[in-house]
Amino acid sequence: MRVIIRKTYDEISAEAAMLIRARMLRKKNFVLGLATGSSPLGLYRELIRLHRQEGLSFKNVITFNLDEYYGIGPGHPQSYRYFMNENLFNHIDIKKSATHVPDGLAKDFEKFCRGYENAIKKAGGIDLQVLGIGSDGHIGFNEPGSAFTSRTRLIALDEQTIADNARFFSKKEDVPRFAISMGVGTILEARELILIANGTKKADIIARTLEGPVTSLISATAIHFHPRVTVFLDEDAASKLQRVGYYRFAEESEKAIGKEIF
Ligand code: F6R
């Protein structure tokens, strides 16, 4: 696992964008897994800038989002489809038909989830999946206790998640109680993962995820089973790690050899 620590959120966002650009340029029909929330916003801003100012094209890119609230439609301002359109898709040259976000209104959700998994397979699998991390260690909407083998499914949200997200809705009762989310197993099948975390409120969970025991109670610890992960942290999010010195030293060593070492 590579751990990249920078002073500011803007710096990690720019580095994450550079990594994605490098991967995109290497492969036609690149399949990019995306997340919503505040953590990847800087990355999306930077990808938009690379598109506008440096001609980075998304014409042949296919995307799959991790999750969507269940019970609200794409026109709802809190839906993740709406978020993705507003914060990325409307500002780049991606074909809308190549962007996939789970359908929060799917009546037969089991059938929908099977179809989502099949669509990922049909696209050739996800080349790189972007992840944020919840303060309880969730990735996607995989609440604590989600099996590491879990697949795309309907999941009941934790009361804490509902309380955390209430700020985005007019009242707590309006927060959906369910979401459709890729499973931890689905996420682990992506060929590469990047995880972005910033701010002191993520410091505890980052320390537990990177340096604590692997447990399904912290879904993000599953990344230890993945051979190609880069974690981007600002100094606040890295502030509770024990081995900061090592991560920095390893990055220097990586530069010396001129290759990414996972
Ligand atoms: C959303 C998602 C979630 C978020 C997590 C962190 O698509 O996958 O796991 O990444 O809840 O959210 P922020 O970035 O808002 O702290």
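The shell around the ligand splits into four nonpolar, eight polar and two charged residues (Ala, Val, Leu, Ile, Met, Phe, Trp, Tyr, Cys and Pro count as nonpolar, Asp, Glu, Lys and Arg as charged, and the others, Gly among them, as polar). Among these 14 residues, Ser 39, Asp 67, His 138, Gly 140 and Lys 202 come nearest, where near means a heavy atom within 4 Å of the molecule. The model is a predicted one: local features need pLDDT of at least 70 and side-chain atom pairs pLDDT 80 or more, while totals for chains, interfaces and linings use all residues. Residues are numbered from 1 along each chain as its sequence is written, and side-chain values use heavy atoms, with hydrogens and water left out.

Now for the polar side chains. Ser 39 puts a side-chain N or O atom 2.5 Å from a ligand oxygen; for Asp 67 the distance from a polar side-chain atom to a ligand oxygen is 2.7 Å, and for Thr 36 the side-chain N or O atom is 2.8 Å from one. Of the 410 Å² that the ligand exposes when taken alone, the protein buries 87% (Shrake-Rupley areas, 1.4 Å probe).

As for the site itself, the ligand sits in the largest pocket, meaning that more than half of its atoms lie within 2 Å of the pocket's grid points. A pocket here is an open set of points on a 1 Å grid over the protein atoms alone, with protein on both sides within 12 Å along at least five of seven lines, and lining residues have an atom within 4 Å of a point. The volume of this pocket is about 790 Å³, taken as the space filled by probe spheres set on the points.

Conventions. Polar contact = N/O pair within 3.5 Å; in protein donor to acceptor, adjacent residues only side chain to side chain. 1 Å grid on protein atoms, 1.4 Å probe; cavity = no way out; pocket = protein on both sides within 12 Å on 5 of 7 lines; lining within 4 Å.
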